[in-house]
Amino acid sequence: MKSSKSTKVLIIVLVIVFILSVISLFYGDYLAANFDVIGIRIAVLIVAFASFGASTAFSLMVYVHNKTVSKINDDSNYRAELFRELQFAANNYSTIEFNDRALIYSESPRYVPRFYSKESPSFHMMQEGLDLNEELMFYSMRIPFKVVEGKTAGSILLSNIKFERDLEVFKFKPLEHEEETQGYILYNEQTKRNNVIINLVFNKNSNFFKEDILNPFSKIKISISVVSILGVTIKGISELYFTNPTQIEGVGLHTYKINSSNFRLTKQPFIEHLDYNEYI
């Protein structure tokens with residue numbers, strides 16, 4: 001818009017100068033007779049300025065043309081790069097499915113200090129309304145998963161977990177300084193399956209979980225981001241259903257058999273910058 005206005009102003013000025021130049025040429029004798037040599041000099045000056053204006057206008061047109069061509073090339077390169085990224089993302093994402101059974105058990109005391117040191121990622125999720133001044137309980141949830149489509153999963157991030165029991169909802173979220181919490185991915189050599197592990201923190205007086213009784217959750221809803229080993233991320237919600245919710249296996253180990261599950265995609269595959277140094 002600004003370039004268009006400048007071009008119009010330049011054209012108007014050049015037209016005015018051209019008209020003055022023509023008038024000066026036709027009335028050169030009059031100027032010479034009345035203003036002596038100064039009149040001729042004025043006429044020559046106007047003609048020279050008109051010549052300079054013409055060359056300036058030509059240079060401006062060349063500049064505008066080159067700028068337009070450069071912008072078209074940049075736009076074409078951007079579109080080509082965007083197409084390549086979309087094609088790469090469409091071919092290298094990872095979709096997972098939780099299966100078999102979910103296990104809930106006491107967290108190893110070796111990892112509890114991570115929560116208090118506030119390292120990033122913390123691998124912990126807190127119950128909504130957690131009071132840090134009250135006594136805390138630390139439990140781990142482990143769920144086997146398999147890749148149903150795409151590449152191998154490089155990492156799994158969790159942003160929200162909801163447990164439902166008797167129409168009561170228990171929500172867990174990452175620490176305040178985090179939007180997502182990194183989950184452990186461990187491969188079981190015996191079962192030949194991958195497992196994702198996340199640690200849950202809640203107050204001892206919470207109704208969420210009691211180790212010595214059955215805790216019949218009917219559904220678990222997990223908001224996750226799955227990053228493939230090639231750096232393509234998808235976001236979705238995984239829902240796990242339990243018709244015969246829980247049984248206690250041994251001391252402190254609670255088993256939830258997954259009878260059905262579904263996964264809903266909430267964001268299309270996209271490429272993001274990978275920086276695993278913070279996870280080491």
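Burial, ring pairs and salt bridges in a predicted model

Colleague: What is the relative accessible area of Glu-164?
Modeller: In this predicted model, Glu-164 falls between the cut-offs of 20% and 50%. Glu-164 is therefore partly exposed, its relative accessible area being 28%.

Colleague: Which residue forms a salt bridge with Glu-164?
Modeller: The closest N and O atoms of the pair are 3.6 Å apart. One partner lies in strand S9 and Glu-164 in strand S5 (residues 153-165), so the bridge ties together parts that are 55 residues apart in sequence.

Colleague: How many residues apart are Glu-97 and Lys-146?
Modeller: The side chains of Glu-97 and Lys-146 meet in a salt bridge, 3.9 Å from N to O. This pair links distant parts of the chain, with Glu-97 in strand S1 and Lys-146 in strand S4 (residues 136-150). Glu-97 is partly exposed at 33%, and Lys-146 is partly exposed at 40%.

Colleague: In which helix do Arg-79 and Asp-75 both lie?
Modeller: Their side chains meet in a salt bridge at 2.9 Å, N to O. Arg-79 is exposed, with a relative accessible area of 56%, whereas Asp-75 is partly exposed at 36%. The two residues are four residues apart, about one turn of the helix, and both lie in helix H3.

Colleague: Why is Asn-92 counted as buried, and what is its relative accessibility?
Modeller: Asn-92 sits in the loop between helix H3 (37-91) and strand S1 (94-98). Apart from neighbours within four places in sequence, Asn-92 is in contact with Lys-151, Ser-228, Leu-230 and Val-232. Residues under 20% relative accessible area count as buried. Asn-92 counts as buried because its relative accessibility is 9%.

Colleague: How far apart are the ring centres of Phe-163 and Phe-172?
Modeller: The structure holds 14 aromatic pairs. The ring planes of Phe-163 and Phe-172 stand at 80°, so the pair is edge-to-face. Phe-163 is buried at 0% relative accessible area, and Phe-172 is buried at 0%. Their ring centres are separated by 5.7 Å.

Colleague: At what angle do the ring planes of Phe-172 and Phe-208 stand?
Modeller: The centres of these two rings are 4.8 Å apart, and the pair is edge-to-face. Phe-172 belongs to strand S6 (residues 168-173) and Phe-208 to the loop between strand S8 (193-203) and strand S9 (219-228), 36 residues apart. Both residues are buried. The angle between the planes is 65°.

Colleague: What is the accessible area of the nonpolar patch that includes Ile-11?
Modeller: Ile-11 lies in helix H1 (residues 2-26) and is partly exposed, at 49%. The patch on the surface is formed by Ile-11, Ile-12, Val-15, Ile-16, Phe-18, Ile-19, Leu-20 and Ile-23. Together, their accessible area is about 750 Å².

Note on methods: Residues are numbered from 1 along each chain as its sequence is written. This is a predicted model: local features need pLDDT of at least 70, side-chain atom pairs count only at pLDDT 80 or more; totals for chains, interfaces and linings use all residues. Side-chain values use heavy atoms; hydrogens and water are left out. Buried means under 20% relative accessible area, exposed over 50%, partly exposed in between (1.4 Å probe, protein chains only). Contact means heavy atoms within 4.5 Å. Patches are made of residues with over 30% relative accessible area and no salt bridge: like charges are joined within 9 Å, nonpolar side chains (Val, Leu, Ile, Met, Phe, Trp, Tyr) within 5 Å. Accessible areas come from the Shrake-Rupley method with a 1.4 Å probe; for residues, only the protein chains shown count as cover. A salt bridge is a side-chain nitrogen of Lys or Arg within 4 Å of a carboxyl oxygen of Asp or Glu. Rings of Phe, Tyr and Trp (its six-membered ring) pair if their centres lie within 6.5 Å; planes under 30 degrees apart count as stacked, over 60 as edge-to-face and the rest as tilted.
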